[in-house]
Amino acid sequence: MIKGKPGNMTRGVTKETLDGISMDFFTKISECLLKGKFNFTPTRLIRIPKGLGKTGERPLSIASPREKIVQKAIALTLETIYEPNFSENSHGFRPNRGVHTALKQLHIQGGTYTWVINGDISKCFDKIPHEKIMKLLSQHISCHRTLELIKKSLINPAMLGKIIIPSHQGTPQGSIISPILSNIVLHELDSFCDNLKKNFDIGRARKVNPKYHSLGSSRYKSKNPILRANHLKRMMNMPAKDTQDPNFRRLIYVRYADDFVLLLICSQTEAFTIKRKISDFLKNHLQLELNASKTTIANVKDGFEFLGAHIIQRGTIIAPVRRAKGTTDDKTLIFRSRHVRRLSVLAPIEKIIQKMINLGFARRNHLGNLYAKSRRDLVNLSHYEILSFYNSRIRGTLNFYSFAANYSQLRKIWWIFAQSCAITLALKYKIKTMRKAFLKLGKNLKDPNSDTELYSEKSMKVKHEYKTRQNS
C-alpha cells in the first residue's frame, strides 16, 4: 500500500527509503508507539504549480517513506471508525467514491433544479484549526496515545531547504492522514447541509401553471381547429407546472473534498439566504471562510463548472402528438407527454485543448488557429516509449471523461494527440512531415519492433459511464 506507489518512495528530509526495511523496524516502531515515544521527523516542503487556470504555487509536504507506514496505519484506523458515519453526499478520498460518483449524483438527481451555489472554501486544508480537529476526534476516540500521535503529526514542522517552518494550523498537503482528517472536519458541513435540507424541502409537487391550465381548458372547449392547434403549440412551449411555486422547494448537496455544490428549487433570494447560512456556519463552527468572490450563484440553465466538468440543464423531451384509439377528430389529440431530462455533464473541450497547449502538445498561430506540436523532449526515446507516453495521456483523458454527454467530441482531442505523436516520430526518424510519418508507420503509428500502436477507440459514441474506484 506504501511501496506500491512511486510517490511514496520519494525521500523526506533524510535519504532513508523503504529499501532494506526489515521486521526489526516494525518491532521497534511498535514499541515506540505503545510507549508514546514515537516522534515524526520534519517533512520536506516543496512548492508545486497549482492546476490549470490557477496562478501561484501550493505547498506539498513530503514525509519519510518509513514514517508514511505509521501515517497509513492512522488513516486506516480513522477510516474504520468514521467511514460508516460519513454522508452519502461526500465523495472525496473515500473507498469506492470519487469524481465520477459525485458527478453521477448531480447527473441523475439535478434535472429539475433552478439555482446552483458553487462553493469555494478559502485555503481549506491550510486553515483548519488543530483544536477543532482534536476536539472532533476526542468525541469518538478515547485512547490518549492515538490522539497524542495524531497531534504530533499535525504540529510536525516542515523544512524548506534549511529553514524550519512550524505548523500551527491546517492539515499538511501530502500527508497520508490529511484527507481523512479533512473529511472528519467537513463532515460537520455535510451534517449541517443535511439538516438544512430537512427544514428547507416543502411540498409534494409543484402546482399546475395557471396559464397552461387555462389554455388547455380553452382548447378542449373550442371547436375551431386552428385555434386548438395554436393553443396546443403555446402549451408545448411553456412549463406545465408553476416553476415559481413558493410552496414547493428542494435542495441537493454534493461535496468532493473542499469543493461543493448545492442545487436548489426556490427563489433567487432564498438561494442567497442559503449561501449566507453556510458562510456563517463555516465561520462560526469550523473557523473556515467561504470565499465570497469565488462562491457563485447561477441559474442551472446557464451551466456551471464542477470537478473538471461543465454541467448544464438541457430542458424537457416532448413526445409526439397522439390520437386516441379509433378516432380521427382533432379534438381528441392527446397532450404530448413531457420528460425532464437529466443534467448534462460535459467534457470542457476548450479547457482540455488549452491544457494541451500548456503542456506542449499543441499551439495556436497568430490567427488563433489550432495546430499540433511536437514534443522535442521525447525524440531521443524509443518508438515504443514515445507511443507509451502518448497512450497513457490518451487513455487517461478518455477514461476520465467516460461520463461525458459530448464524448464523441473527444475525437478532436485524440486527433491532436495523434498528430503531435506523428510529428514527434517524424523528427525522430528525420522524415520531415506528419503526413510522411503516417504514410510510413500507418494510421496508428505502429512500432515495427513491438507491434505497439497508438491507442484508438473504435467507437466514440456517448456511453455515460460513471466509474467508482477503490481508494488505497
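How close do the axes of helix H5 and helix H6 come, and at what angle do they cross? The first view below takes this up. This is a predicted model, in which local features need pLDDT of at least 70 and side-chain atom pairs count only at pLDDT 80 or more, while totals for chains, interfaces and linings use all residues. Residues are numbered from 1 along each chain as its sequence is written, and side-chain values use heavy atoms, with hydrogens and water left out.

**View 1. Helices H5 and H6 cross.** The axes of H5 (residues 130–138) and H6 (residues 144–155) come within 11 Å and cross at roughly 160°. H5 is therefore roughly antiparallel to H6 (a term for angles over 145 degrees). Here axes are lines fitted to C-alpha atoms, for helices over the stretch in contact, and angles run from 0 to 180 degrees between N-to-C directions. Helices are DSSP runs of H or I with at least four residues, strands are E runs of at least two, and both are numbered from the N terminus. On the H5 side, look for His130, Ile133, Met134, Leu137 and Ser138, which meet Leu147, Ile150, Lys151, Leu154 and Ile155 of H6 (contact means heavy atoms within 4.5 Å). These contact residues divide into 7 nonpolar, 2 polar and 1 charged (Ala, Val, Leu, Ile, Met, Phe, Trp, Tyr, Cys and Pro count as nonpolar, Asp, Glu, Lys and Arg as charged, and the others, Gly among them, as polar).

**View 2. Helix H3 is largely enclosed by the rest of the structure.** Of the 11 residues of H3 (residues 99–109), 8 are buried (under 20% relative accessible area with a 1.4 Å probe, protein chains only; exposed is over 50%, and partly exposed lies in between). You will find Val99, His100 and Thr101 among the buried residues, along with Gln105 and His107. Their cover includes strands E6 (250–256) and E7 (259–265), as well as helix H12 (383–400).

View 3. Most residues other than glycine have a negative phi.

View 4. The structure holds 0 disulfides (pairs of cysteine sulfur atoms within 2.5 Å).

Terms used
Angles under 35 degrees count as roughly parallel, over 145 as roughly antiparallel, 65 to 115 as roughly perpendicular and the rest as oblique.
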